[in-house]
Amino acid sequence: MIELLYGKKTLPFNEEKAAVIRSKMTKLNTNASGAQIVRKAMAHPIGSQRLCEMARGKKTCTIIISDHTRPVPSRDIIPSMLMELREGAPNIEITLLVATGCHRGTTAEELREKLGEELCAKEEIVVHDCTDVTANVRIGVLPSGAPLVINRLAAETELLVAEGLIEPHFFAGFSGGRKSVLPGVCARATVLGNHCSEFIDSKYARAGRLDGNPIQKDMIAACRVARLKYIVNVVIDNHKRTVKAFAGDPERAHAKGCGFLSEYCVVLPVYGEIVITTNGGAPLDQNVYQCVKGLTTAEATASEGAVIIMCAECSDGVGGDEFYRFLAECETVGQLYQNIMATPQQETVQDQWQAQVLARILGKHTVIFVTRRELKVQIEDMKMIYAGSLEEALRKAKKIKGSGARVTVIPDGISVVIGNCR
């Protein structure tokens with residue numbers, strides 16, 4: 001029996017002949033708590049002073065924290081960061097800046113779930129708004145030529161630090177590190193410039209790839225210009241528990257973490273004519289927009305013309321009107337892809353990158369989407385096939401590819417990087 005991550009539960013799948021692709025994250029066992037793992041990493045920072053030493057003499061500090069779309073175990077991380085900061089500077093003014101990028105604002109309820117009631121009551125928390133011209137300030141120009149405009153609280157603080165999660169990312173290579181700044185706390189114009197069609201189309205803009213990645217080049221520059229001094233990034237297992245932490249210099253600590261994770265998440269492809277995947281369960285599968293990530297994992301191990309089945313609860317719906325309209329209003333996904341590729345960097349629009357990747361996948365494969373019945377019309381509008389259950393999806397897939405089609409299953413489509421891709 002295989003358990004596929006779906007919302008806060010799992011979907012059972014039982015087919016003896018199916019090939020299963022998993023990461024090696026289950027081999028990461030620890031008896032220490034997440035908080036203990038973080039404290040140990042912070043006691044031995046990589047390439048930097050301890051955070052308490054950085055804080056000495058500082059009057060203000062902004063901690064960039066993740067938003068509601070990321071399963072970052074902030075309760076393991078933030079208390080230790082706060083403690084060290086106040087150890088070095090007891091009167092330092094600290095602001096927690098929620099890195100929403102171009103996502104919707106994180107709600108008070110989501111913040112309480114993420115941080116706990118006590119932290120929410122005691123600490124100053126600000127949710128970044130990429131559209132607020134008064135809250136954001138221009139501090140430079142990126143290598144791509146896009147303006148670098150970031151949240152004023154990040155730009156003007158004496159000490160800028162960040163928490164984060166290192167996991168495979170479908171076009172940035174890995175999450176964490178500099179992504180806290182770009183796209184995390186940048187204005188929309190900066191994010192759009194960085195996510196232009198040319199960069200998204202690059203063969204280096206793929207999961208697990210940092211070197212040569214044009215998106216990463218911009219992100220590193222943004223991190224340096226913004227003077228991000230220190231990070232605490234963690235690796236989590238398939239139960240969303242902290243199993244490893246990396247603290248210190250934003251580039252060196254992040255590189256160490258990515259190297260560590262690669263040993264566990266890079267797997268060889270098992271090409272299937274039917275590929276079943278997920279988006280890692282809640283909160284990662286909260287909308288269709290986020291699920292494009294899991295679809296790229298399936299794409300990397302799908303045979304030519306394969307059927308991809310995505311299983312995701314999508315408790316928050318589609319996840320963006322612009323994203324939905326791209327797919328719903330196009331005549332064909334092929335034409336949509338051509339139109340996006342012809343869009344100059346300076347004319348990039350919201351969610352274009354997500355539509356570009358989904359159009360690329362739909363141009364090569366049939367996608368069957370298993371989710372809540374309330375989303376049936378939207379799924380079909382977006383040129384995908386709706387299924388109310390995994391069993392129904394598999395019947396439809398076998399009708400297309402034949403009863404003897406090779407089946408590959410990825411129980412957690414976010415946790416793996418398909419190596420040796422064609």
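A nonpolar core is a set of buried Ala, Val, Leu, Ile, Met, Phe, Trp, Tyr and Cys residues joined through side-chain atoms within 4.5 Å. Buried means under 20% relative accessible area, exposed over 50%, and partly exposed in between, with a 1.4 Å probe and protein chains only. This is a predicted model: local features need pLDDT of at least 70, side-chain atom pairs count only at pLDDT 80 or more, and totals for chains, interfaces and linings use all residues. Residues are numbered from 1 along each chain as its sequence is written, and side-chain values use heavy atoms, with hydrogens and water left out.

**Nonpolar cores**
- The largest nonpolar core has 78 residues. Those with the most contacts inside it are Val-288, Phe-323, Leu-327, Leu-358, Phe-369 and Met-384.
- Helix H14 gives the largest share of this core, 7 residues. Helices (H or I, at least four residues) and strands (E, at least two) are DSSP runs, numbered from the N terminus.
- Leaving out residues up to four places away in sequence, Val-288 touches Cys-314, Gly-317, Val-318, Phe-323, Phe-369, Ile-379, Met-382 and Met-384. Contact means heavy atoms within 4.5 Å.

**Helix packing**
- Helix H12 (residues 321–329) packs with helix H14 (residues 352–362) at an angle of about 35°. Their axes are 9 Å apart. Axes are lines fitted to C-alpha atoms, for helices over the stretch in contact, and angles run from 0 to 180 degrees between N-to-C directions.
- H12 brings Phe-323, Phe-326 and Leu-327 to the contact. H14 brings Gln-352, Gln-354, Ala-355, Leu-358 and Leu-362.

**Salt bridges**
- The structure holds 18 salt bridges. Each is a side-chain nitrogen of Lys or Arg within 4 Å of a carboxyl oxygen of Asp or Glu.
- Glu-113 and Lys-8 form one, at 3.9 Å from N to O. Glu-113 sits in helix H4 (residues 108–115), and Lys-8 in the loop between strands E1 (2–6) and E2 (9–13), 105 residues apart. Both residues are exposed.
- Arg-86 pairs with Glu-123, with the closest N and O atoms 2.8 Å apart. Arg-86 lies in helix H3 (residues 74–88) and Glu-123 in the loop between helix H5 (117–122) and strand E6 (124–127), so the pair ties together parts 37 residues apart in sequence.
- Arg-86 is partly exposed, at 34% relative accessible area. Glu-123 is buried, at 10%.
- Arg-104 meets Glu-110 in a salt bridge of 2.6 Å, N to O. Shared partners join Arg-104, Glu-110 and Asp-316 into one network of salt bridges.
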